[in-house]
Amino acid sequence: MARLWMVLGALSGLIAVGMAAYASHGLPAETASLANTGASLQAWHALALLGCGLLAERRRGPLVHLAAFCFLLGTLGFAGGVYVRVLTETSLGPVTPLGGTLLLVGWGILAAAAALAPER
């Protein structure tokens, strides 16, 4: 499972860089800023997924996996909602803020995972 978080983190980073490039070269200025916000948060949470994968290799317990799951769903909700809005001018309603909330929850769970999980 640890490897899965690292693979998903790397793929998420790839998408974030692609969206940032598209925002810089293919979007009007008024939507490029919003797209860059989504890409930035996605990139940070791609790194968080990589970190979860590394921590999962070194520690036992379910919390690190729960944190990674929150980062994955949160990124899909937040960045995905931003990208849908930028590309289609359609709001997904509560999906984007719910995704942001999941990202926050993931950080709290990751802190608990790092502090509480026994070392291997």
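The largest pocket holds about 180 Å³ of space, where a pocket is an open set of points on a 1 Å grid over the protein atoms alone at which a 1.4 Å probe fits, with protein on both sides within 12 Å along at least five of seven lines, and where the volume is the space filled by probe spheres set on the points, joined across faces, edges and corners. This is a predicted model, in which local features need pLDDT of at least 70 and side-chain atom pairs count only at pLDDT 80 or more, while totals for chains, interfaces and linings use all residues. Residues are numbered from 1 along each chain as its sequence is written, and side-chain values use heavy atoms, with hydrogens and water left out.

The lining of the largest pocket, meaning residues with an atom within 4 Å of a point, includes Leu8, Ile15, Gln42, Leu72 and Tyr83. Two or more lining residues come from each of α1 (2-26), α2 (29-58) and α3 (63-88), helices being DSSP runs of H or I with at least four residues, numbered from the N terminus. The largest share, six residues, is given by α3. The lining has eight nonpolar, four polar and no charged residues, where Ala, Val, Leu, Ile, Met, Phe, Trp, Tyr, Cys and Pro count as nonpolar, Asp, Glu, Lys and Arg as charged, and the others, Gly among them, as polar.

The table gives the packing of helix pairs, with axes as lines fitted to C-alpha atoms over the stretch in contact and angles running from 0 to 180 degrees between N-to-C directions.

| Helix pair | Angle | Axes |
|---|---|---|
| α2 and α4 | about 25° | 12 Å apart |
| α1 and α3 | about 20° | 12 Å apart |
| α2 and α3 | roughly 165° | within 9 Å |

Angles under 35 degrees count as roughly parallel and those over 145 as roughly antiparallel. For this reason α1 and α3 are roughly parallel to each other, whereas α2 and α3 are therefore roughly antiparallel. The crossing of α1 and α3 is left-handed, a term used if the near helix is turned anticlockwise from the far one by less than a right angle.

In the contact of α1 with α3 (heavy atoms within 4.5 Å), residues including Trp5, Leu8 and Met19 of α1 meet residues of α3, among them Phe69, Leu72 and Tyr83. That contact divides into eleven nonpolar, three polar and no charged residues.

Methods:
Angles under 35 degrees count as roughly parallel, over 145 as roughly antiparallel, 65 to 115 as roughly perpendicular and the rest as oblique.
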